[in-house]
Amino acid sequence: MSEYIKSLLEEVVAKNPSEPEFHQAVEEVADTIGIVFDRHPEYRKAKVFERIIEPERVIMFRVPWVDDQGNIQVNRGFRIEMNSAIGPYKGGLRFHPSVNLGILKFLAFEQVFKNSLTTLPMGGGKGGSDFDPKGKSDNEVMRFCQAFMTELQRHIGPNTDVPAGDIGVGGREIGFLFGQYKKIRNEFTGVLTGKALNWGGSLIRPEATGYGAVYFAAEMLKTRGESLEGKTCLVSGSGNVAQYTIEKINDLGGKAVTLSDSTGYIYDPQGIDKEKLAFIMDLKNVRRGRVKEYAEKYSTATYTPVDSSLNHNPLWDHKADCAFPSATQNEINGKDAQNLMNNGIYVVSEGANMPTTIDGINIYLQEKILYGPGKAANAGGVAVSGLEMSQNSMRLPWSREEVDRRLQEIMKNIHTTCVVTAERFDHAGNYVVGANIGGFLKVADSMLDQGIV
Ligand code: NDP
């Protein structure tokens, strides 16, 4: 690592204390793009990276609301408008008690590179709240969403900033958020993506992140003359991304054997087939229950509760070929990554954002497995959000086949960008280098064109 990058990272830590996830995300990118600064001093001279790591705007606000018992609750809301060099800010909203400024800054930072890789004109942003939708009634979720949007609406718009879903924000929440935006602004516009089909949503948007992560894995496997047919896959999470990852694994002839939530995981060596997946979708999206119930219904499965005294996650300690982490950040540490290698896994396609720690990534790279980092592998979600924006602007919906065809093409293009860029910068086969540099160049060049702003 050059002195320049080292001092830059020291400054990031000093300037942004108590934001370890943001430090980690910046370090992971900085580690790989030093070579760009060596070859292109113009970026360094224009302080492009120093500008990219500083959000263009951070909005933080109070969200007061009243629960079903009549008690006043106060949450904190955020929107990080990170970079608008190539388009309006675009990125999801996360509702989870762990949400804080550092986590959203890491997500917004990642989003800038990811959106650039999609080839669509979208800048990077992210937002959310420390509100926990778990255990809340639909009315409480609605009142919270309305209070949240009452403030957020003054900062966003179809040509300014277009939020979407993320952890804890699915179709129900997007509906309440959109309704409040429309009421206050008196306009029906594509200000949010992930909308329902009846009011401007795109077919394939719910499926897009999971499908995209599997398409990306299929592209990586193709480079070795292989496919997903007959492959056993470990999947974490049981939300939006995990569900559609499993659906597409099944479509392509693979077998998913795990699923998790924040209380534990299930292992079903027989595979989570179509019928079992339908059970999970109902359990998680309608009844909002826990994955434990899967093992109660299907005797082929075992349930293991989370054990916080362990230094690893046993979900990653099963024999398989592929892993699709689809829950949350840092869910695979160095020990987990080593367990994956010991169990024969040689494909990791990240549906979640930054699910692997830097130690873990180094193990993948050392072992030269097919490793698709989140910014490339899970870009299908935001890509179809971009397609939803296009359909909203044209006021014309595309068919399921049309959107899926475009999604597959975009995932293929992202894969090619990663491969070609990694080769160009002397790291053939390294998708981390390919994704980071590939995402960076388009944003950096646009920033150079637009002057010091
Ligand atoms: P959901 O809220 O639909 O599902 C999240 C899943 O992960 C749930 O099963 C949840 O369990 C589990 N989970 C969340 N936090 C933790 C935690 N701290 N420890 C263990 N398990 C946890 O979210 P999504 O499926 O939309 O998002 C999953 C990941 O994919 C996130 O990293 C997100 O940023 C990323 N992503 C999502 C995109 C999208 O389009 N939705 C796009 C690109 C990336 P529980 O129910 O117990 O909370």
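Predicted model: local features only at pLDDT ≥ 70, side-chain atom pairs only at ≥ 80, totals over all residues.

Q: How much of the chain is buried?
A: Buried residues make up 52% of the 453.

Q: Why is E350 called buried?
A: The cut-off is 20 or more other C-beta atoms within 10 Å. E350 has 27 within that distance, so it is buried. You'll find E350 in the loop between β12 (347–349) and α13 (358–367).

Q: Which residues is E350 in contact with, leaving aside its neighbours within four places in sequence?
A: Among them are P325, T356, G372 and N378. Also, the C-alpha atoms of E350 and Y371 are separated by 8.2 Å, though the two residues are 21 apart along the chain.

Q: What makes α15 mostly covered?
A: Of its 15 residues, 12 are buried, including V382, L387 and N392. The elements doing the covering include β3 (89–95), α5 (101–117) and α16 (400–424).

Q: How do you know what length to expect for α15?
A: The expected span is 1.5 Å times one less than the number of residues. For α15, residues 380–394, that gives 21 Å, and the helix reaches 21 Å from its first C-alpha to its last. Just past its end, R395 takes a positive phi of about 55°.

Q: What makes β4 mostly covered?
A: Six of its six residues, 124–129, are buried. G124, K126 and G128 point one way, while G125, G127 and S129 point the other, and all are buried.

Q: How do you know that β4 pairs with β2 and β3?
A: Pairing takes at least two bridges between two strands. Six bridges join β2 (residues 72–83) to β4, and these strands run antiparallel; R79 stands opposite G127, for instance. Three bridges join β3 to β4, running parallel, with G128 in β4 as the bridge partner of R94.

Q: What makes β3, α5 and β4 a right-handed unit?
A: The test is to look with the strands pointing away from you: right-handed means the path from the first strand over the helix to the second runs clockwise. The β-α-β unit made by β3, α5 and β4 is right-handed.

Q: Why are β7 and β13 said to stand at the edges?
A: Start with the order of this open sheet of five strands, β7-β6-β11-β12-β13, with parallel pairing. β7 (255–256) and β13 (370–372) each have a single partner strand, so one side of each is left without a neighbour in the sheet. β6 (residues 232–235) pairs with β7 over two bridges, and C233 stands opposite A256 in β7.

Q: What lies across β6, β7 and β11?
A: That's helix α9 (residues 240–251), running at about 175° to β6. Angles here go from 0 to 180 degrees between N-to-C directions.

Note on methods:
Residues numbered from 1 in each chain as written. Helix = DSSP H or I, 4+ residues; strand = E, 2+ residues; numbered from the N terminus. Contact = placed C-beta atoms within 7 Å.
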